[in-house]
Amino acid sequence: MTEPSPRSDPAVDGAQPEEADLLRDLLRAPGYLKALVLCALIGIPVSLAAFWFLVGLHELEHFLWADLPHGLGWTTPPWWWPLPLFLVAGGVVGLVAADLPGAGGHVPASGLHGEGASPNVLLGVVLAAAASLPFGAVLGPEAPLIALGGGLALLFRTLARAPATAQSTALLGAAGAAAAIAAIFGNPLVAAVLLIEVAGVGGPRLFAVMLPALLSSGVGALVFTGFGRWTGLDTGSLGLKLPGPSPRLDVGDVLWSLLMGVAIAVVMHLVMTTGRLVAAFTATGVRVRTVVCALGAAACAALYALTTGRSPADVASSGQATLSDLAAYPHTWSVGALLAVLAFKGAAYTLCLGSLRGGPVFPALFLGAATGVLLAPLPGLGVVPAVAAGMAAATAATLRLPVSSVVLVSLLLGSVDAMPVVILAAVVAFVTTELLPVGFVRLRTR
């Protein structure tokens with residue numbers, strides 16, 4: 001008797017035969033293969049556009065916050081420096097939001113998503129981002145990059161006179177967004193994982209399956225890492241031997257990371273919820289109220305500088321540059337400076353989330369890292385595990401994208417040694433955020 005093929009038995013593969021062959025048939029379809037080739041070709045100009053867009057933002061920010069103050073005789077920007085810059089940012093974004101299609105992109109307080117990518121909104125997205133980010137908005141460039149990449153991909157499809165189908169729109173929009181977002185993270189894997197979660201592939205069932213897998217892998221890593229170090233035996237590893245000492249995780253690191261995940265999730269949920277209230281406030285009378293909120297964020301940076309004697313740039317902008325300084329030299333930050341930057345940057349972040357344009361990722365990373373440095377002196381908690389857990393918890397709570405948060409923080413750390421606490425903090429923060437009251441969720445833009 002001939003044995004049945006496993007593919008023909010639904011009990012073996014857990015799927016209906018037609019579902020098992022769906023991917024094979026899709027890959028054989030000429031239209032899909034043409035779309036893949038088009039995505040590869042479009043990735044070239046989109047990546048170049050994203051690169052030069054980021055270069056332009058960086059150069060303008062450096063001019064406004066470093067070159068110009070130095071040229072006027074200050075070693076660091078004076079305390080009042082953010083006020084005129086944020087005034088410009090609020091005025092331009094208010095006009096763009098009121099008068100241009102797409103309102104300059106989606107409101108950052110609504111989270112990170114790829115909806116609404118269109119060539120028609122490109123001008124507004126570029127103008128709003130150029131007015132927000134270099135002028136000090138406490139936001140990152142990832143959201144404008146997603147809109148820019150998706151819109152450019154669809155624009156190139158139109159120029160190439162390719163057929164505009166629903167499938168090609170979805171594929172090209174996602175491919176363009178991924179190509180653009182890879183430019184800021186410097187890693188295509190982060191871009192791919194981020195876009196998978198942002199697009200909501202699999203819906204709630206994806207998270208329901210993914211969270212236990214993440215959690216068990218993190219606990220498993222703690223167990224076999226612990227046994228390996230306790231016994232001196234080796235089970236084999238695919239890990240690379242990186243230079244420099246690796247942090248040795250212990251019970252204190254794990255327990256504090258779990259508590260940090262809960263606490264940071266509550267605070268970041270409050271920040272995002274308040275940001276949505278700010279967005280609702282600016283939805284009417286957008287020209288004037290956007291300026292008011294922008295000046296409020298500027299006042300936070302100015303008060304921080306007056307209070308601490310440090311540069312207002314610590315509070316203004318995404319925190320990407322300051323994050324590197326904080327991670328490399330955590331002991332140069334006093335407890336007072338850490339408390340002040342958390343309070344003032346958190347308040348400015350909340351105001352910018354609801355009024356200006358950009359992404360929520362990098363300020364959340366900075367706030368999480370600063371919290372980790374502040375809490376690192378706790379008994380049994382090291383600096384590296386504290387910073388890793390803080391960044392993972394803050395990002396997962398803000399984005400509600402646990403896998404992307406784990407991948408991103410691991411990439412930033414440049415090592416997988418702190419991966420267990422990164423996973424545990426991200427999962428705990430994500431679950432805590434999902435169980436908290438939803439609050440003001442949906443925001444509508446023009």
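**Exercise 1.** Is Thr-432 buried or exposed, judged by its relative accessible area?

*Solution.* This is a predicted model, in which local features need pLDDT of at least 70, side-chain atom pairs count only at pLDDT 80 or more, and totals for chains, interfaces and linings use all residues. Residues are numbered from 1 along each chain as its sequence is written, and side-chain values use heavy atoms, with hydrogens and water left out.

Step 1. Take the cut-offs: buried means under 20% relative accessible area, exposed over 50%, and partly exposed in between (1.4 Å probe, protein chains only).
Step 2. The relative accessible area of Thr-432 is 16%, so Thr-432 is buried.
Step 3. Thr-432 belongs to helix H18, residues 419-435; helices (H or I, at least four residues) are DSSP runs, numbered from the N terminus.

**Exercise 2.** Find which backbone oxygen the side chain of Ser-355 reaches, and which residues Ser-355 contacts.

*Solution.* 
Step 1. Locate Ser-355 in helix H14, residues 335-355.
Step 2. Its relative accessibility is 2%, so Ser-355 counts as buried.
Step 3. The side chain of Ser-355 reaches the backbone oxygen of Leu-351 at 2.7 Å.
Step 4. Contact means heavy atoms within 4.5 Å. Leaving aside neighbours within four places in sequence, Ser-355 is in contact with Val-93, Val-278, Thr-282, Thr-290, Cys-293 and Ala-294.

**Exercise 3.** Describe how helices H5 and H12 pack.

*Solution.* 
Step 1. Two packed helices are described by the angle between their axes and the distance between the axes. Axes are lines fitted to C-alpha atoms, for helices over the stretch in contact, and angles run from 0 to 180 degrees between N-to-C directions.
Step 2. H5 (residues 82-99) and H12 (residues 286-308) pack at about 155°, with axes 8 Å apart.
Step 3. H5 is therefore roughly antiparallel to H12, a term for angles over 145 degrees.
Step 4. The contact residues include Phe-86, Gly-90 and Val-93 of H5, and Thr-290, Ala-294 and Ala-298 of H12.
Step 5. The residues of this contact divide into 17 nonpolar, 4 polar and 2 charged. Here Ala, Val, Leu, Ile, Met, Phe, Trp, Tyr, Cys and Pro count as nonpolar, Asp, Glu, Lys and Arg as charged, and the others, Gly among them, as polar.

Note on methods. Helix = DSSP H or I, 4+ residues; strand = E, 2+ residues; numbered from the N terminus. Polar contact = N/O pair within 3.5 Å; in protein donor to acceptor, adjacent residues only side chain to side chain. Parallel < 35°, antiparallel > 145°, perpendicular 65-115°, else oblique.
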